[in-house]
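Please take a moment to look over the sequence and the model, and then follow the paragraphs below with both in view.

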Amino acid sequence: MTGLVSRFALIAVLALSACDDKPPAKPAPAQTAQKSPAPTPVVPAPPAAAATSPIAQAINAAAFDPAATGPDAQRDLLVRVQTLLDRAHFSPGVIDGREGTNLTLAIKAFQASRDLAATGEITQELVDTLTAGDGGPVLVDYQITAQDVAGPFSPELPKEDYEAMAQLPAMNYHTPLEALAERFHMDEALLQLLNPGADFAAAGTTIVVVAAGADTLDRKVERIEIDKALGQVRAFDKDGVELAVYPATVGSTERPAPSGEWAVRTLAPAPTYTYDPSRLTFGKPKGKLTIKAGPNNPVGSTWIDLTKDTYGIHGTPDPKLVNKRASHGCVRLTNWDAAELGSAVNKGAKVIFMGAEARAS
């Protein structure tokens, strides 16, 4: 048992790596590894009582209408469709009420799974199929708790100031607003738009949030496909049934992700991140650094370690950039999608990289 704990701790510490450019150095002895803190408890989904504000009611009732070309009507339908896709495990990434590549990919994948024409467009048939399987409200009321605002919170630092990050005791959320937005799979701007004038740092405040549901799958994942060209991860059970689809940042033309077939070695919730300049070509620090765990850690709050040394599937501190910017070789998901995949994946599950990177560094 001691050896298993040491191995887990070592994997957590080595979760940099996505990002290495050179072959991995020999791992340090397990006894030098720093044990990761316990993962953040899973927060239950909000109750299924629809929100009562006028904007929330409009979004909950949003219908497909080609004649409705106003920005509010378009936003309302987009939020509803994004949320229903998210709950069906065809993730659009961050829910923001905007059109974009990640939403188009999620729609196409959902349409294909239901034998619909995979156009990637919102249609009456798409909305009917989504709502036939899920008739619940997409926006609900939520009362901010004392725990939500208690923190601890971490100061916001420049993206590649690894030396400053290494001085922090943890890489926590910066504000209650950020923590709440990520919990409910939302863009911070959308959360603020739905709650004008709300004080997100005040316990007892009632706000409107997305009813995103639990970040779990109902079956174990035995195969993962990583499409480097599309920027998409697909998860399948032992019978080849598609369980979930996620947008992903997968390598770059300069620092490509692996190719071929690998496997899941282990899971490390709450990983630390090691910056080692002898193995990296980005960043300015001259010496090796360890950045503590937390949702704003460079590899987010979950690390799925692969049998390709130093590579993994992991979360990110900036969910709105998933599949928008290149990575240093790994597979980057939103924190909630990485947690969902990690909660269901079996050790030894096949991981198949396909296609070629389309995004430049």
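**A walk through the chain**

The chain contains 10 helices and 13 strands, where helices (H or I, at least four residues) and strands (E, at least two) are DSSP runs, numbered from the N terminus. This is a predicted model, in which local features need pLDDT of at least 70 and side-chain atom pairs count only at pLDDT 80 or more, while totals for chains, interfaces and linings use all residues. Residues are numbered from 1 along each chain as its sequence is written, and side-chain values use heavy atoms, with hydrogens and water left out.

How far can the model be trusted? The pLDDT, which is the predictor's confidence in each residue, from 0 to 100, averages 84 over the chain, and 80% of the residues score at least 70. Over residues 1-47, however, the pLDDT is below 50, although this stretch has 85 contacts in the model beyond near neighbours in sequence; a contact means heavy atoms within 4.5 Å. Where pLDDT is low, the predicted coordinates should not be read in detail.

Turning to the strands, nine of them form an open sheet with mixed pairing, in the order 5-4-3-13-7-10-11-12-6, and two strands are taken to pair if DSSP finds at least two bridges between them. Strand 5 (242-247) and strand 6 (249-250) stand at the edges with a single partner strand each, so one side of each has no neighbour in the sheet.

Within this sheet, strand 13 (residues 345-354) runs parallel to strand 3 (residues 221-227), to which six bridges join it, and here Ile 224 stands opposite Val 351. Strand 7 (residues 260-269) is joined to strand 13 by four bridges and runs antiparallel to it, with Ala 263 opposite Lys 350. Further along the order, strand 11 (residues 312-314) and strand 12 (residues 331-332) pair in the parallel sense over two bridges, and His 314 has Arg 332 as its bridge partner.

Axes are lines fitted to C-alpha atoms, for helices over the stretch in contact, and angles run from 0 to 180 degrees between N-to-C directions. The axes of helix 4 and helix 5 (residues 124-133) come within 11 Å and cross at roughly 70°. These two helices are therefore roughly perpendicular to each other, a term that covers angles of 65 to 115 degrees. Where they meet, Ile 107, Phe 110 and Gln 111 in helix 4 face Leu 126, Thr 129 and Leu 130 in helix 5 through contacts.

How values were computed: Angles under 35 degrees count as roughly parallel, over 145 as roughly antiparallel, 65 to 115 as roughly perpendicular and the rest as oblique.
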